[in-house]
Amino acid sequence: MANSRKPAPNSSGADRAVADVSAAVRQALAGWLASCVSSSSHIPGTIPRVAIALSGGRDSAVLLDAAARVAGEIGIHLIALHIHHGLSRQADNWQRFCAERAAGLHVPFDARRVRLDARAGQGVEAAARQARYAALRDLCQHHGATGLMTAHHADDQAETILLQLLRGTGLPGVAGMPEMDRPGRLAGVTLLRPLLHVSRAAIDAYATQHGLDWVEDASNQDSRFLRNALRHDVMPALARHVPAYRQTLARFARHAHQAQALLDELGAQDFQAARWPDGTGLDHRVLLRLGDARLTNLLRYWVRLLGLRSASESRLADWQRQLRRTDGAAQVELPHDGRVMRLYRHRLYWEEASPPPARELDTATTLRWHGQREWRLPNWRGTLIFSPMPPGSDVDTATDVPERLLGSALLRAEPRSGGERLKRHPRQPSKTLKNLFQGEGVPVWQRAVPVVWLGERILFVPRLGVDQRLLRDPSGQLEAHPGAWRRLAWHGFDE
């Protein structure tokens, strides 16, 4: 259950100290925001808009109040955003409280309800965080906010660093939260943490001086959550023995950040050295020349570069083991975060999950063609495109077909059954689709495409082309085909 809270009144002897601390919070926020506004890119002559993530708790209530007091001084528009997770019976009350707090400070307000994505291996806390930031990103884009402020403070930073250490995370985790995360987890929106060097005590002092109230989430007291256990049990004991632990952990985080920056530079160098000539992946032979630590660093760098979830230590070790165990001619498939890292003919690359194998597809699909531009074939997760050829343009018989021919018989899309043959070149014999796919270097997982028949003859096979026997006489000469032509192309849903 959540309760509305107000700080306990201060004794008169501490009034001056409270005023000094709360003034420092306001000054620090004003100076920090002013520097962000001056360095941010916005249309000249316009006033930038910055959003505040308002949960209704003490920290975000202080951030909203302080920001509202200085917004006019530094030339920004504010908007308060609240995310309704629906996890508590008090969620409606929290949203109502936030709307009232924003209205009292004349700050525009908006809210959104989210549903949590219960994924395997993802707890409620992680799912809520992911849904929250996705919704905040959408709200910022909707309202034209270029920045989003959160109320993370120095104690949150210390807890995060210690939490990541206990979880055994790598340097990116223990480097802590940056003050400015561009683009961070919000595409096109800068994530701002202006209170990151302000202590929880200073925030309490500000709330006391200004008589702020807030809502209290009972789950924040639940020590079953590791962060709560650290906050209520570990940190107070640590403060008694190492009063400056916040500064010490922050210094450690800075060192970790510098070390990670060096590893990223090394990863970028190795990435460039191993890039496939056309930029579509990495050369497996180059990777094998790297030592274990350097190869792991490159794989970790590549995963982050693609915006994928960080790979665990055990998964990285398994990737390295499999990559070293093959000579590059074999096929390797390594799934991760909805993608697959594949090795084929010495090229290592990422793609979306493979479409289902042809043998699992439904039976034939037919089309009577009379000028359509697209033929969607969901069984094969793709679309066959019939692009009109401009008058007078050169014909490429590997992909182009006369319109008169397309409409001469029923088109039929079928899965491969084995043994089909295609004549790709006018003066070469036909070959089986399997041999043609192998000759073109098409990986096995990309061969699950439809065979397009025109009546009882093969017309087109994606990634291979048009059967020349439909267009030419027995001697290999192109027959006369008056009228317009269409260019055939296959677009997979995941491509």
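The model is a predicted one, so local features are taken only where pLDDT is at least 70 and side-chain atom pairs only at pLDDT 80 or more, while totals for chains, interfaces and linings use all residues. Residues are numbered from 1 along each chain as its sequence is written, and side-chain values use heavy atoms, with hydrogens and water left out.

Starting with the overall picture, the protein chain has 14 helices and 23 strands (DSSP runs numbered from the N terminus, helices being H or I with at least four residues and strands E with at least two). Of its 495 residues, 43% are buried, meaning under 20% relative accessible area with a 1.4 Å probe, protein chains only. Among contacts (heavy atoms within 4.5 Å) with a separation of 6 or more, 69% link residues 24 or more positions apart. The accessible surface, by the Shrake-Rupley method with a 1.4 Å probe, comes to about 25,700 Å², and carbon and sulfur atoms hold 51% of that.

Now for the sheet. Four strands make an open sheet in the order E9-E12-E11-E10, with antiparallel pairing; two strands count as paired if DSSP finds at least two bridges between them. Strands E9 (282–283) and E10 (332–336) sit at the edges with a single partner strand each, so one side of each has no neighbour in the sheet. Angles here run from 0 to 180 degrees between N-to-C directions, with axes fitted to C-alpha atoms, for helices over the stretch in contact. Helix H11 (residues 292–305) lies across E9, E10, E11 (339–344) and E12, at about 30° to E12.

E11 and E12 run antiparallel, joined by 6 bridges, one of the pairs being Tyr344 and Arg347. Their hairpin has 2 residues between the strands, and Arg345 takes a positive phi near 50° there.

Elsewhere, helix H8 (residues 226–241) bends by about 40° at Val234, with Pro236 following within four residues; the bend is the angle between axes fitted to the seven residues ending at a residue and the seven starting there. Asn228, Ala229, Leu230 and Met235 are the buried residues of H8, and their cover includes helices H5 (154–167) and H9 (245–274).

Terms used: Buried < 20%, exposed > 50% of the residue type's maximum accessible area, 1.4 Å probe, protein only.
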